[in-house]
Each structure stands twice: as structure tokens, then as C-alpha cells.
Amino acid sequence: MNKTARQCVLEALTEVTEASRYSNITLDNILSKNKLDPRDKKLASAIFYGTLERKITLDHCINSFSKKPVEKLTPKVLNILRMSLYQILYMDSIPESAAVNEGVKLTRSCGVTSAAGFVNGVLRSFLRSGGKIPPIKGNSAHVLSVKYSCEEWLCKALIEQYSEKTAEEILEVSTGAPPVFIRVNTLKTNDEKLIELLDKNGITAKKTSVPHCLITESGNLAATNEFKMGLFHVQDMSSQLCCAKLDPQKGERIADVCSAPGGKTFTISEIMDDSGEIVAMDLHEKRTKLISDGAARLGISCVNAKVADASKHNPQLGVFDRVLCDVPCSGFGIMRRKPEIKYKTANETKKLPEIQYAILVNASNYVKPGGCLIYSTCTILKEENQEIVKKFLCNNKDFEPWDDNYMECLIPQKNSSDGFFICKIRRVK
């Protein structure tokens, strides 16, 4: 028997919060297994992602009205309270009474019947108090942590590295539905034609300041014939800006050392008019297949996907005109796309700079004299960005900044893109 939308949400929330699984993969698997209709899928997605991105705020509310602290509640009961409070606080389309009743009903249908009275009591108490988030007391980092549901250590780091005002602006745009950008496949179509075709599918697409980058509204892009025909691929504006900064030229030899799933490789190929050679590397064969499959869908032939360890030099690959080194990172620039990122501990990110530096050093071995190297991440923390580059340039005198503006950190609230870091340097000998 198929589960209801809210039962699916509860299962997905419990898996993500207890087993640290990826939110999008977890929810997609559960929804496809239970065959919900489009309306229920939309409801489930809204409750699931909303609850996940507001988890700390919701726990603050629970602790204010529950005799038991959140740490003592079972995962199912805690997540029922979270998703019920989310509906009350943030979903105007759902009546408060319905959110309470559905929460109580969920306790009975999911094997925690004994908690029905407790869930009902907490939710009713919250509504009697006015149904608003209780006052938040503490230092600036704690207030931002609760207000925007983000780990306190990260709020503190953002305040220290930017300012309290900028930190709050960054966190403010980490909630809510993010914009969806696509890159027009100029090998097959142009901006105007694609906009017209998508419009016939009920999808609004508009040009941006970045060439061949469109921002879209509504609709399932992957389900369109235009997607299947390879007329575009989904890619954030920040990644497209990164490819533009690389400035690949027709006929050149390019390396993308951490390529999968291949978005930047595809954009580089299109800029080069599918000429030259792009060696797209990834550590796992399964992920290199994603690159090959994506290139085939887009009609790209210049991509050579290879299994390779980005931290170990392979001299057989030779040297390249340009090298893109988009390293694994904490992902704090894309929190609005993957809300579980906001709950990483400081320990989970501690070893990343060491890994990033090793990959950058190895990538530099592939750059020919006079060639350029791009180092990029989708995070906004300086220890993974500017500090890595400064250390590299200090220890590698064969490289120098490309120009006066060789480092750029994109802040999401300023240009609607994801948070991103791009650095361009040159091999001088």
C-alpha cells in the first residue's frame, strides 16, 4: 500500500536526519516508490525541504513548548513535530487546525500512537501562545543560528570573515526556493529559439547578464523534449561564470580534474564549439559514465572522460593549455540547494583544506608554460578559498596571478547566483 504525502515526508526526514543521507536522492527514491500524484508530490517536497531547511528554528519552538527537550524525543515524534510546526509557521495554504490534526494522525499511522496526546499538546500550546517563533536570546551567532537555522559555529565564522550584516544577508538567501539557471547548448540552438520552445511547455525562461545563461520559472525541465534533445543543461550562473573566466579557445587542450557530473565540461565544450580536446577526470568509473552520457545527450564529441585521482599526478596525460580545478568543498555557497549542508559540524570540514591544496598542487603539474589554472569551489569560507591560493602561490613560484582581479568570491545575495569562489593564475615557467 502506498504511503500518503506526509508519511513519505516523515520517512525521508528520518532517513536524512538520522542516517545523514542526501536529501534530494532520499526524497526522490521514496516518492517514486510510493507513486504519489503530482499534487501530493509537490506538497511532500514543500514540507520536506522546508522542514529540513528550518530544523534549528523548529527545534527552538519545540523546546519552548515541550516538557521533553528535543534530544530526548524519538526521531519519528521529533520529525512529526517539526513538519507540523513548519506547516503552521510557513505554509499559509494549510489551515493551522489541519496541520495539527494531520500531525496527530501521523503518529497513529506510523507506529507511535502513544505520542498522539503529546504531539497534540505541544502543537496546541504553540498555537495558544500566538503561533509565532519565541524570542531568541544569546550572542549574535546564536541569534542568527536559530533565526536562519544554521549551525552556530558557521554563523560565527561568517560574522568573523565578513560582517554581521553580510553574514545575515548570506543566511537570509539560504532559505526558500533557489532560482534555476540553464545553459543553452549553442551547438544545437540559440537563446531565442530555446526560450520560445520552453514557453510552449509552460516554462518561462529569460536571458541574464551572462551569455547563454537563462533563468527559468516553473515546470519540470528534465521532462521536456528540449532536455532530451540536448538543447540545454541545468547549471547555476556561478558555474557558467567560472567557465567564462577559464576563457577556453577553439582547438585547445583542456583538463577538468574534478569533472563529474560534467556541467562545467559541457559548457567549456560549447564555448570551444566542440573543438580541441577536454580530458574530464573523476575518481570513480560510475561518475565518468555520467560525463560521457551527458556529453552524448548534448551532442558533444570533444570530451574524453577518464578515471583519475585528482590528487595524484599521471604524467601520461601530458600538459594542457588550461586546467580547471573545481575541488570538493564544504558547499556553504549552495546551502539553499542542499539544506542539510547547514548542519555540518566544524570537524566535518576540518580536513578539507589539506585535500584541496593537494589537488591544486597536482593540477598545477598539468599546466603548460604560459597556460592558465582555475581554482574554484562552491563555498564562501576563506580557509578553503583565498588561504589555499595564497599558500599555493607562496610555495610555487612558477605561478603568478593572472591579473589584478585574479580572485573573486561570489556572494549569493549580490547576483542571485550560488556562493562561489574563482581564482585564475598563470604558469610563467
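## The largest nonpolar core

In this predicted model, the largest nonpolar core is made up of 43 residues, and those with the most contacts inside it are Val-9, Phe-48, Ile-62, Leu-81, Met-83, Leu-85 and Leu-123. Two or more residues of this core come from each of helix 1 (5–19), helix 2 (23–34), helix 3 (38–53), helix 4 (55–65), helix 5 (75–90), helix 6 (96–109) and helix 7 (116–128). Helix 5 gives the most to the core, with nine residues.

In soluble globular proteins, nonpolar side chains tend to be buried together.

## Leu-85 and its contacts

When residues up to four places away in sequence are not counted, Leu-85 touches Leu-58, Cys-61, Ile-62, Leu-123 and Phe-126.

## How helix 5 meets helix 7

The axes of helix 5 and helix 7 come within 11 Å of each other and cross at roughly 30°. Because angles under 35 degrees count as roughly parallel, helix 5 and helix 7 are therefore roughly parallel to each other, and helix 5 passes helix 7 in a right-handed crossing.

On the side of helix 5, the contact is formed by Val-77, Ile-80, Leu-81, Ser-84, Leu-85, Ile-88 and Leu-89, which meet Phe-118, Val-119, Val-122, Leu-123, Phe-126 and Leu-127 in helix 7. The residues of this contact of helix 5 with helix 7 divide into 12 nonpolar, one polar and no charged.

Note on methods:
Residues numbered from 1 in each chain as written. Predicted model: local features only at pLDDT ≥ 70, side-chain atom pairs only at ≥ 80, totals over all residues. Heavy atoms only, no water. Core = buried A, V, L, I, M, F, W, Y, C linked by side-chain atoms within 4.5 Å. Buried < 20%, exposed > 50% of the residue type's maximum accessible area, 1.4 Å probe, protein only. Helix = DSSP H or I, 4+ residues; strand = E, 2+ residues; numbered from the N terminus. Contact = heavy atoms within 4.5 Å. Axes fitted to C-alpha atoms, helices over the stretch in contact; angles between N-to-C directions. Parallel < 35°, antiparallel > 145°, perpendicular 65-115°, else oblique. Left-handed = near helix turned anticlockwise from the far one by under 90°. Nonpolar A, V, L, I, M, F, W, Y, C, P; charged D, E, K, R; others polar.
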